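Thanks, everyone. I'll keep this short: pockets, then salt bridges, then a few surface details. Please have the structure up while I talk.

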Amino acid sequence: MGLRVDFTNVGSGFEPIPDGEYEATVYSCEVKTGQTSGQPYLNWQFKLQGGEFDGRRVFYTTSLQPQSLWNLKKLLIALGYNAEDLKGSLDLEPIMTEVPGMECVVVIGHEEYNGETRDRVLDVKTAGSGSPGDVALFR
């Protein structure tokens, strides 16, 4: 007998998460290369904690290009890193190995991609703060 599955009542994927702020932890952070730019970036996965969407993963990218490093710095501060320690040259590999499990709040919005509505992380905030971690540093 062959391997069979029943697709009755199976949807086409996850429904979008409603806009809003959600408690999360960093699930992973890895270096990837942009398909069109050929430039490296960090691909972040966050795992939502609690509520209806517990366990769902959402994604965020931070460019490693000099003009965009402010966004990475802002995210690291939201995760609890000291702004004073984020000066000058910094080896990201140790950070990438220690961030999984760190708590934060992700702000979810949406974007259209190939005719589908997709979740998009708009911002990452300090866990329990309800406001961005030390954003005033970048204004």
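In what follows, Ala, Val, Leu, Ile, Met, Phe, Trp, Tyr, Cys and Pro count as nonpolar, Asp, Glu, Lys and Arg count as charged, and the others, Gly among them, count as polar. Also, bear in mind that this is a predicted model.

Start with the largest pocket. Its space comes to about 960 Å³. The lining has 25 residues, and the closest to the pocket centre are Phe59, Glu111, Arg118, Asp119 and Arg120. By class, that lining splits into 10 nonpolar, 7 polar and 8 charged residues. Which strands contribute at least two residues each? They include β2 (40-48), β3 (57-63), β4 and β5. The largest share is from β5, with 7 residues.

Now the second largest pocket. Here we have about 230 Å³ of space. Its lining has 7 nonpolar residues, 1 polar and 2 charged. Helix α1, residues 69-78, gives the largest share, 5 residues. Among the lining residues are Leu69, Trp70, Leu72, Lys73 and Leu76, and also Gly88.

On to salt bridges. How many does a search of the whole structure find? It finds 6.

Asp119 is partly exposed, at 23% relative accessible area. Arg56 is buried, at 12%.

Next, Asp123 and Lys74. Their closest N and O atoms are 2.3 Å apart. Asp123 is in strand β5 and Lys74 is in helix α1, so the bridge ties together parts 49 residues apart in sequence. Buried or exposed? Both Asp123 and Lys74 are buried.

Lys32 is partly exposed, at 32% relative accessible area. Glu30 is partly exposed too, at 36%.

Last, the surface. Val5, Phe7 and Val10 make a nonpolar patch of about 340 Å². Val10 belongs to the segment before β1 (20-33).

One backbone point to finish. Most residues other than glycine have a negative phi. Asn114 has a positive one, near 50 degrees. Where is Asn114? In the loop between β4 (103-113) and β5 (116-126). Asn114 counts as exposed because its relative accessibility is 69%, and the cut-off for exposed is over 50%.

Conventions. Residues are numbered from 1 along each chain as its sequence is written. This is a predicted model: local features need pLDDT of at least 70, side-chain atom pairs count only at pLDDT 80 or more; totals for chains, interfaces and linings use all residues. Side-chain values use heavy atoms; hydrogens and water are left out. Helices (H or I, at least four residues) and strands (E, at least two) are DSSP runs, numbered from the N terminus. Buried means under 20% relative accessible area, exposed over 50%, partly exposed in between (1.4 Å probe, protein chains only). Patches are made of residues with over 30% relative accessible area and no salt bridge: like charges are joined within 9 Å, nonpolar side chains (Val, Leu, Ile, Met, Phe, Trp, Tyr) within 5 Å. Accessible areas come from the Shrake-Rupley method with a 1.4 Å probe; for residues, only the protein chains shown count as cover. A salt bridge is a side-chain nitrogen of Lys or Arg within 4 Å of a carboxyl oxygen of Asp or Glu. On a 1 Å grid over the protein atoms alone, a cavity is a set of points where a 1.4 Å probe fits but cannot get out, and a pocket is an open set with protein on both sides within 12 Å along at least five of seven lines; lining residues have an atom within 4 Å of a point. Grid points are joined across faces, edges and corners, and a volume is the space filled by probe spheres set on the points.
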